[in-house]
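Hi,

Here is the structure I promised to pass on to you. Have a look at it first, and then read on for my notes.

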Amino acid sequence: TVDPQRTAQIREVLAQTLSPDAATRRTAEQHLTAAQKVDGHPLVVLHIVASDNAADAAVRQAAAVHFKNICKKGWDEHSEDGTEGITISPADRTIIKNHLVELMCLVPPQIQAQCSEAISLISKVDFPKNWDNLLPDLIQRFNSPDPNVVAGVLVTANSILRRFRYVQRSDELYHDILYVLERLQAPLLTLFIQTGKAIEATPNDPAQLKPRFASLRSMCRLFYSLNWQDLPEFFEDHMAEWMKEFARYLQYQNPALTDPDEEDEPSPIDVLQAAIVENLNLYANKDEEPFLPFLPEFTGLVWNLLMSLTDKPKHDTLATTSIRFLSSLVGKLMHKNLFNNPDTLRDIIAKIVIPNIMIRDTDEEKFEDDPHDYILGDMEGSDTESRRKVSQELLRAMCRQFEVETTAICKEHMTSMLESFKRDPVGQWKQKDAAIHLMLGTAIRAESAQQGVSQVNGNVDVMCFFQENILTELQESNMSVRPMVKATAIKFVSTFRNQFSKDHVKSLMPLLIAHLSADSVVVHTYAAAAIEKILTSKEDGPSGKKQNRFVGADIQPFLESLFTGLFGIVDKQDLNENEYVMKCVMRTLNTSKDDIMQVTQIVLDKLTSALGRVAKNPRNPHYNHYLFESIAVLVRAVCSKDPSHTASFENLLFPPFQTVLQMDVAEFTPYVFQVLAQLLEYRPADAGLGDAYTGLFAPLLTPTLWERRGNVPALTRLIQAYLGKGAAEIAANNHLVGILGVFQKLVASRGTEVSAFELLGSIIQCVPPEAIQPCLKDLFQILLMKLQQSKTPRYVRLISDFFALFVGKFGSQAYFDQLNAIQPGLGLMLLTQVWVPRLSTDLPVRMDAKTQVVGLTKILCDTPALLTDDNTKQVWAGAFFGAMTIITNPDSHIGTAFASGDDVDDAEIGYDANYSRLYLATRPVID
């Protein structure tokens, strides 16, 4: 039973989370955060979700979202990230699992979606081992007379079983798949066929047809999940039945479900057909033998489907999926006979490739009105699929089997298109754009998003094409002429950046910089992205190791015009924040290094102005990340050469940073703490903490700051910097107790225990021994209590690394004295049962490996008591073996640091929703 008074109170709080007043919302959210730690809270929330009061619709929706978040954070008791204090009793868990499926089937669609997600989250932890009635509950509802209930149940099943895709096979995974197949495979096929019959019975009733088509689509996704790892025996035995159904729907038409005037939203039929083609693609890529007899029929059906599609956005997903299916076939030797005919190849290029790479009216509108979306679908290296991209992939697949023939056909089309353009540049510019994209499709044999093209089709002359068709476009000084072709021309240079000589790229740099002044967002974005990619390109160094192709001296002549162009875009307040432009700023600063000394003041002014603008309304996390990385590069480039410059940076950065902290801009505070730590680390050794940092210290220990998970790693780094520069001063001002309080809070949660040990390491290394001595007993007791409660592999690694550090700093006798004072013989017991066994199962690496060897060596050499009898000699031998294992294992990389910001991999630099580490503010590992 649920307390009505408590239910009413939580209902009121949930209503307040919907208030238009920010202060009311914040208070209500804090109340909910506290309430979710109280036993029984999830059942109270579910009670509100289940109430059928129509006036409560918004509150029920808020309750459903809150319940889903409780499951997300609190269901997995053993999560590495902890549960944020949420506890759900075993009895409550059982009640929730026994009633949640039934509840989901009774609530309105929006609430149903939240319940479905909650089931999926719980299933990740408990299914199938600890929730064996889940699948039977779902399958039982396949028989519901309400097609909407069936559709909802299938969406839930799909979200649960999605985890079988895109993961490495393992015994545990196969056990779970087998468990599901035994219960689901037959009912799924039966339901698919029955749903088809129900569709035939109500061909003109959209209210009945739509949920049933949604069900068919979900069943296709379940088919995909269950077949992703291997072809199950049941599906092989019933291949003909499944394929008959798939073939039927690839030819299905029904005016009751299609709206000829609709341009953007795919119809239920389109969505189902895309899911079916995904399944065909899965079998085609796996080369499943039982599927081969059906392949000619489906190749024809998919071809006919493609011929029937319009160029409207509503058909984009179905078109791209279908083109990918053809690509997977045409690129394989085993299917060569299906396409080994010049007429077939000509038809594919003329009827599929060219129509799908041509610029459409909707593309022009998007280019002008929604440039961000256009860039996502078109830019080299982006993940989004567009018709143009998959058509170029189809050409590359054709070139794998029919390179000479495909290239010759494409050359004919390119010649014809470019001649049309020359005759009428104003009216036929789309022909030139299509010709460039045909070249991009046929010329590339091998490429990576990170490093560009590494191998080119020998049957085309990329440089000749560039001279005749690309260079002229870039040299056109009027930026408003053919902006879409200009963007494509810049993309061509960026794609083939490795094929140009270094001097050639330098000669192109002024042309690319000139395009930063273009009014078109796409054009100036592509120019910035191309420059950024050029600055990250690599070449073979003297020792065979890859090195940066461009260094500071190479771009020094262009710095002034480049920064003028980039900040010209950043300063335009009517434009949205452009992450590609800010990334180019960051990359330019990082490449320039010493050459930015003379422009530091101007660049920093520009960056802090940009920071002031975005702090009011942070919209683009990637832009914000690159903005702070740019500030971090400046700090590092200048202060690493001359630490006395830190004072100037502090004067410039403290005002905007204090504004961010006062406004409590949650997105920015972790960045601010990292840059403050970086500046503090660069402060001259004799400068102390200074007034500004001293004044900031006490507020940093405020518990609410540490409540926000994203702040913790950055705040830890900042406190470590304080300890590194002024531990004696901090201890003298009685702040050590506050720091130890923070440590105790962090070590209590799995989600923050790593930060706790980073902080503890700095306390041990930096705080004067006489100041830390009185606290050691309490410290060890806290650590041992956690070890007793939560002996996870990670915690064992952390505590054993701490033991090694402690011995390295204070000696082996101090280690034994501290632990034996808590309990006689405890030091030896932990050494034999925790510390040494860990070394054989979890090899320490880099600086941790060195710390371990130092600590173990001191134990071995400074503890004569270990040689007194056979038992202790065995302990000594175990410690010796552990130290030698680390020293002799090449994987330990003993004593080496991690990559610094100079050679950090480009893929690592970017926004992370959990904690955005500034790679260019990375603290050098202290030996």
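**What I found**

Arg 93 counts as buried, because its relative accessibility is 10%. Its place is in helix H5, residues 90–106. The C-alpha atom of Arg 93 is separated by 9.1 Å from that of Pro 42, and the two residues are 51 apart along the chain. Please keep in mind that this is a predicted model.

Salt bridges took up much of my reading. By the rule used here, the count comes to 43. One of them brings together the side chains of Arg 709 and Glu 84, at 3.8 Å from N to O. Arg 709 sits in the loop between helix H34 (703–707) and H35, and Glu 84 in the loop between helix H4 (57–74) and H5, so this pair ties together parts that are 625 residues apart in sequence. Both ends are partly exposed: Arg 709 has 28% relative accessibility, and Glu 84 has 38%.

Arg 163 and Asp 176 form a salt bridge too, with their closest N and O atoms 3.8 Å apart. Here Arg 163 is in the loop between H8 and H9 while Asp 176 is in helix H9, 13 residues apart. Arg 163 is partly exposed at 26% relative accessible area, whereas Asp 176 counts as buried at 11%.

Then there is Glu 473, which forms a salt bridge with Lys 486; the closest N and O atoms are 4.0 Å apart. This pair links helix H22, where Glu 473 lies, with helix H23, where Lys 486 lies, across 13 residues. Are these two partners buried or exposed? Glu 473 is buried, with a relative accessible area of 1%, and Lys 486 is buried as well, with 0%. Elsewhere, salt bridges with shared partners join Asp 316, Arg 360, Asp 363 and Arg 387 into one network.

Another lysine to look at is Lys 432, in helix H21 (residues 429–443). Lys 432 counts as buried because its relative accessibility is 3%. Its side chain reaches the backbone oxygen of Asn 469 at 2.8 Å.

On the surface, charge gathers in patches. A positive one is made up of Lys 72, Lys 73, Lys 124, Arg 162 and Arg 217. Within it, Arg 162 belongs to the loop between helix H8 (147–161) and helix H9 (171–201), and it is partly exposed at 41% relative accessibility. A negative patch includes, among others, Asp 259, Asp 261, Glu 263, Asp 311 and Glu 365. Glu 365 is found in helix H18 (residues 361–369) and counts as partly exposed, at 48% relative accessibility.

Finally, some backbone details. Most residues other than glycine have a negative phi, and most peptide bonds are trans. Where does a cis peptide bond turn up? It joins Phe 127 and Pro 128, with omega about 0°, and Pro 128 is in the loop between helix H6 (109–126) and helix H7 (134–140). Arg 482 is not a glycine, yet its phi is positive, at about 45°; Arg 482 is in the loop between helix H22 (462–475) and helix H23 (483–495). Asn 734 also has a positive phi, about 60°, without being a glycine. Its place is the loop between helix H35 (712–732) and helix H36 (736–747), and Asn 734 is exposed, with 66% relative accessible area.

Best wishes

How values were computed. Residues numbered from 1 in each chain as written. Predicted model: local features only at pLDDT ≥ 70, side-chain atom pairs only at ≥ 80, totals over all residues. Heavy atoms only, no water. Patch = residues over 30% accessible without salt bridge, like charges linked within 9 Å, V, L, I, M, F, W, Y side chains within 5 Å. Areas by Shrake-Rupley, 256 points an atom, 1.4 Å probe, with all protein chains shown as cover. Lys, Arg positive; Asp, Glu negative; His and termini not counted. Charge placed at Lys NZ, Arg CZ, Asp CG, Glu CD. Helix = DSSP H or I, 4+ residues; strand = E, 2+ residues; numbered from the N terminus. Buried < 20%, exposed > 50% of the residue type's maximum accessible area, 1.4 Å probe, protein only. Polar contact = N/O pair within 3.5 Å; in protein donor to acceptor, adjacent residues only side chain to side chain.
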